[in-house]
Each structure stands twice: as C-alpha cells, then as structure tokens.
Amino acid sequence: MERIEEKLSILADAAKYDVSCSSSGSNRKNKNKGLGDTGAGICHTYTEDGRCVSLLKILLTNFCIYDCAYCVTRKSNDIKRVSFTVQEVVDLTINFYRRNYIEGLFLSSGIFKNADYTMERLVRIAKKLRQEHHFNGYIHLKTIPGASDELIHEAGLYADRLSVNIEIPTESGLKLLAPEKNRQDMVKPMEYLRNKITELGEEKRIFKKTPIFAPAGQSTQMIIGASGETDEQIVFMAQRLYRDFSLKRVYYSGYVPVSCDNRLPNIGSAVPLVRENRLYQTDWLMRFYGFQADELVNRQYPLLELDIDPKLSWALRNLSCFPIDVNRAALHLILRIPGVGVRSAQQIIMARQYGALDMEQLKKIGVSINRAKYFIICRGYKQIYSDQAAHKIKQYILATSQSKYLRRHCQQLNLF
Amino acid sequence: MLTLIFESFEYKWHIAAIYKKPESIQNGLFDAMHEVITNETKALRVWNALRLKLPPNALGDLYKVFLSEITQIEMTLCTAISFYFSGVDKPHLAYGRSDVLRIKQIAKMVDRERHRMKAFIRFSRQQDDLYGAMIEPDFNVLPLIRKHFSDRYADQRWLIYDVKRDYGIYYNLQEVEEVRVAFSKDFQEHKMLLEHPEEKRYRNLWQQYFKQVNIVERKNLKLHIQHVPRRYWKHLTEKQIL
C-alpha cells in the first residue's frame, strides 16, 4: 500500500508539467448503466498554484531513454524511477472517479525500450477501462512520437483526446535541447490523427455504426522561455497548428527550471507567468475574436507587450479603426474593442434591439469601461480622446488600473 | 410563486412587496395584504403561457432564479414576468432593463453554484456500498444536479445530502428520490464505523495526489481561493490535511 502511494507521488509529480487538463469536447454518454458520462468538462479542484485538476494526471513510468534538457525525467537526471502496472492505473482511475474526485484519466509516459512498446501499454490501459469496466469517463492519452499507425489508431478508438507535445516552438531550439528528437516524428502522428478524425467523422455522419474516434480531438503544448524563442515564433506556430492540424487546443507552459544546464535558464529563475498569460490571451483572440496572428505579433512587433493585454496593444497601434459605435457596429467590430469580451459583445447585440445603450448599461452588461471608453461611442457619450496619441491613452489606462500579474511581481521583488 | 403572478393579473393588482411564509411582514400604511395559496391549475397556465413567449433556456433561467432563494427576489421575478407578457418580441433579451438583466445575472450565479456542486461533491464509500456526500450550497441546487449524477453514477447507489436545507437526493440504482434523513447525535461516530475499509486508503491517495500536482514555483493562493472558495473546504477531501 505504501508502495502505491510512493509511486503515485513520484509519477504525479513528474506529470504535472503537462498543463493540459481539459475534460471537455467529448460527448461520451453512459450506456446500459455503466460507469461515467462525459460532457462539458468539470474542474474538480484547483491546486495551490491555481491550476485546474480535472483528470488523474500521471505517467505510466518515469523511465526514459531520451535526454531532453528541459524535462525532469530525462535519462541523465538522478531521480528514483518507478512504474505503475496496468491494473494499478485502472484501479486508481475507477476508485477516484467513483468518489467524484476526477473526470477521467490523463496518461502520459516516459519512453521505455521504444515508442511502440510504450504506446502499447498506454492503449492497453484505455482498452481495459472501456471494455472491462464499462468506463465512460474522459481519457486523454499521449501519442508517443514514432509509434506505429496501428497503435495510434487503436488509441483513438478508446481515448477522447490524444496529444503530442511540440515542446520547443522552433526547430533550432529542439535541436539544441533535445538532440535525439526530431520534429518530423511529432508531426507524423498529428497528421495521421487529423486525417483519421476527419475521415471517420464524415463516415459517422453517414453510417451510425462507425465507432467514435478521439471525439475531443488532439492538442499540444509548447514550453515558453526555455529556448529563447520570440512570441512571434510561438504565435505563428500556434496559428499553423490550429489551421493545418485542426488542433482543439495549444497549451503554453512557462518553463519551470528543473535542471542545471547552461543551455537553459538557471534553477530559481522566475517562471514567465505574465508572458504565458499574454500568450493565452493571444490564443483566445485568434480562436474567438477573429484576429490573425500577424495582427498581434509581426516582424515589427515580435514580442507581446507585458504591461497591457494584446487586444489593447493592437487597438493602440490601430487607432484609425476607432471609435466604434456600439449601437451600430457589427459583431466582429465590437469584438475588437478593448474591454469587451465575447459574452458582452453578444449581449450588446441583443440588448441594442430594444433601444440604444448608454455607458451605464454597458457597465452593467460587464464591459470594462476603464479600457473601452477610449474606443467607443454610445448613447450620450461622445469620443473625446480621438485626437490623443496612443502612448497617452496607454498612460491613462495604466494609471487607472494595475495588472494583477504585475502587482504580484512587484511584491515578489520587494521581498528581496 | 406562479399562482401569485396569475392572481396579480387576474385582479389587476399593483404589487408592492412579496413575503414568503415565515418571513416577518412589513406592511405599508395603505397596502392591502393578500395571502396566496399555491394552485396548480393557475400556476400551470402561467407556465404554459410563458413557454409560448420564451425559449427553454430563458425558462430555465427563471427556475434558477426562483431556486436562488435570495430575499425579495420574488419581486424581480414578478416585474420581469409581467414584462415578458407585455407583448415585446423576445423580451428576455432586453438587457437594458434592470430586472431582465438581474434575472440573467442571478441565473448565472445559480448556474455557477450548480456547476461547483458537480465539481465539489466528494463521495465516500460506506460498508453497504452506498456512496454518500454532504453539501452546503449557497443556493438550492439539488434539483439542478440530480440528472447529472444519475447519468454519471448509474451503477452505484449514492446519496447527496444538503445539510443546510436538510434534504437530499438518493439514487437506488433505478431512480432518484428526494429523502430526508434523521441523523442521530452520534452520527459522526457512526460515520467512521460505517465506512468501507478501502475508503481511507483512497482518501489518502487523493490527498497525496493533490499535494503532489502542485507546482511550488507557481504558487498563487489568491487564484486558488478564487476557484475553490473557503466556504467549500469543509466538505472537500483534499483540503482536510492543512
């Protein structure tokens, strides 16, 4: 019993740098009074660092044949190595799930022996859960780069989501930090899965009997701040992944120093949390607000501004697009106003049918007036800042607000 | 509640305030009192009429606002519903009106509580294989989560008990029913006795796991508390070892 506790703590600890914890996007319904049901995701709890815990996220083993500089389980790292048996993972998942601790399983693994050998184990666990335990919860499996198409196909039949981590956004960075890996091995399974998912999805529309295949699609993760990449490189990579591989999500993980390696930031240096946050904001702008990557970062502005959010940053560079009249403009324009979210934009469109909206009503709807007031016209409000220079407006906004993240950083600096 | 709206239309009253039964009543000098007794036919007529005016999600919002049990929320419901009958097209979207917006916002609050309960309920396995959980939600959300749990845990008997409102829902492998349990004084002792032998082990494993997935370098307690407010900690297994 203590043994399994030890294994759990080692293998959960090693898996925690994988940030993906989503459990949504699938629609696996409970059949014949089995166990579990998957729908909209649920975060069952949050760790003290504020990240969601919705899945039992573990490695099958932390034995690994690779030596990637940024990874805790790299071969050259002197740590204790353990592995779970198939049955242990199954028991943990089922028992945690029955107590409503988790939405399902996120299973990753170090590579032992070779890619196929590892992948085969992962698939066996998923299969056992689905077939022997009639488990309908969420399963997220890692696709091991270099595994055979047959195994990846089988994984898709049992898992809701599959993912391959890109890890390092640039090819040169990958060569430097993980010389044994190559980009092509990561791209190949992603391509294979994209094709299978579309193919079987179309088939499913015609033949109801077609088995469901990775219904929550695939995702990936990039480490931020380990290889000196620019935001431009990251954001363009993300856009390419969304467009060419139809990924559901790209995750960004601020690098947590785990190694004394002169190729990497030193142990103890701060995790780039603000930058990570700005990248997620950019990601959202691309996915939900209709922005293109080159509007937010480009040759001229390769880095995202840290003190203001990327939408405000874009607006200040493009003052000629403003002011926007919230009572007349189309949805895609309203979405471009700093301080207006997707939900607020939709509510504005609905509400204005019953009469023009004024500042007070916009505030109640949830618009952040503090930022929006420099860019809009509404009932009873004329735009008086139109002739102001961008840096002036930025000053005004920064003077009246403080980013949560920056405040935290000031506090941290004060300590020393 | 619906009967009240029916009667307010029936008698063309102007409503000044609404009181629930045990509440103390503040009567205005020139106000008349009228006691409303729930009448199913009248209520159903209002509900059916609303169904013609509103899409299902807006009806759901009204139900959630009712379950919020916020003091004096009945008044907002009353004015909003009268507005819904005023003949405006899609009246529930008129967010310029404060009562309509408030309905939307409170429904959102109740919905968040419903969602939190789906997340924060922690079952513990008893000797007779009953999975039991205690909750104290801000709003009366049990009716909103029963389907979620009966869909999910279709092969185990479970009981979710709202300690604050003193009733629970129990699933007996066939259907969900509302129950009221008379807990004995030495219930706490019994609970320990009746626990399944494996329960403690999995509880420990879960606590261990919770501790281990935290990345110390990224600690952000403010965010943690924002997501898992303190009032829920009492019933959360992973927050018991502080």
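In helix α2 of chain A, the buried residues are Val89(A), Val90(A), Leu92(A), Thr93(A), Phe96(A), Tyr97(A) and Arg98(A). The model is predicted. The buried residues of α2(A) pack against elements of chain A and of chain B. Chains A and B touch through 42 residues of chain A and 39 residues of chain B.

**Helix α2 of chain A**
- α2(A) covers residues 86–98, 13 residues in total.
- From first C-alpha to last, α2(A) reaches 19 Å, close to the 18 Å expected at 1.5 Å a residue.
- Within chain A, its buried residues pack against β3 (55–59), β4 (104–108) and α3 (115–131).
- From chain B, β2 (130–135) and α8 (199–212) pack against those buried residues.
- Just after α2(A) comes Asn100(A), with a positive phi of about 60°.

**Helix α8 of chain B**
- α8(B) has 14 residues. Its first and last C-alpha atoms are 20 Å apart, close to the 20 Å expected at 1.5 Å a residue.
- Buried in α8(B) are Tyr202(B), Arg203(B), Leu205(B), Trp206(B), Tyr209(B) and Phe210(B).
- An α-helix has 3.6 residues a turn, so residues three or four places apart point the same way.

**Contact between the chains**
- The contact draws 42 residues from chain A and 39 residues from chain B.
- On the side of chain A that touches chain B, two or more residues come from each of α1 (2–15), β1 (45–46), α2, α12 (342–351) and α13 (359–365) of chain A.
- α1(A) gives the most to that side, with five residues.
- By class, that side of chain A has 18 nonpolar, 13 polar and 11 charged residues.

**Nonpolar core**
- The largest nonpolar core has 148 residues.
- Helix α5 of chain B, residues 98–120, supplies the largest share of this core, with eight residues.
- The residues with the most contacts inside the core are Leu11(A), Leu107(A), Leu122(A), Ala126(A), Ala155(A), Val326(A) and Ile334(A).
- Beyond its neighbours within four places in sequence, Leu11(A) is in contact with Ile58(A), Leu59(A), Asn62(A), Val82(A) and Phe84(A).

**Strands of chain A**
- β7(A) spans residues 218–224 and is mostly covered, with six of its seven residues buried.
- β6(A), residues 161–163, runs parallel to β7(A), and two bridges join them. Leu162(A) has Gln218(A) of β7(A) as its bridge partner.
- β8(A), residues 249–254, also runs parallel to β7(A), and six bridges join these two strands. Ile223(A) has Ser253(A) of β8(A) as its bridge partner.

**Arg183 of chain A**
- Arg183(A) lies in helix α6 of chain A, residues 183–206.
- Arg183(A) is partly exposed, because 14 other C-beta atoms lie within 10 Å.
- Leaving out residues up to four places away in sequence, Arg183(A) touches Glu171(A) and Leu174(A).
- Arg183(A) and Pro145(A) are 38 residues apart in sequence, and their C-alpha atoms are 9.3 Å apart in space.

**Chain B as a whole**
- Chain B has nine helices and five strands.
- From the N terminus on, its elements run α-α-α-α-α-β-β-α-β-β-β-α-α-α.
- Of the 242 residues in chain B, 25% are buried.
- Among chain B contacts between residues at least 6 apart in sequence, 63% join residues at least 24 apart.

Conventions. Residues numbered from 1 in each chain as written. Chains lettered and ligands numbered in written order. Predicted model: local features only at pLDDT ≥ 70, side-chain atom pairs only at ≥ 80, totals over all residues. Core = buried A, V, L, I, M, F, W, Y, C linked by C-beta atoms within 7 Å. Buried ≥ 20, exposed ≤ 12 C-beta atoms within 10 Å, placed from the backbone. Helix = DSSP H or I, 4+ residues; strand = E, 2+ residues; numbered from the N terminus. Contact = placed C-beta atoms within 7 Å. Expected span 1.5 Å × (residues − 1). Nonpolar A, V, L, I, M, F, W, Y, C, P; charged D, E, K, R; others polar. Pairing = 2+ DSSP bridges.
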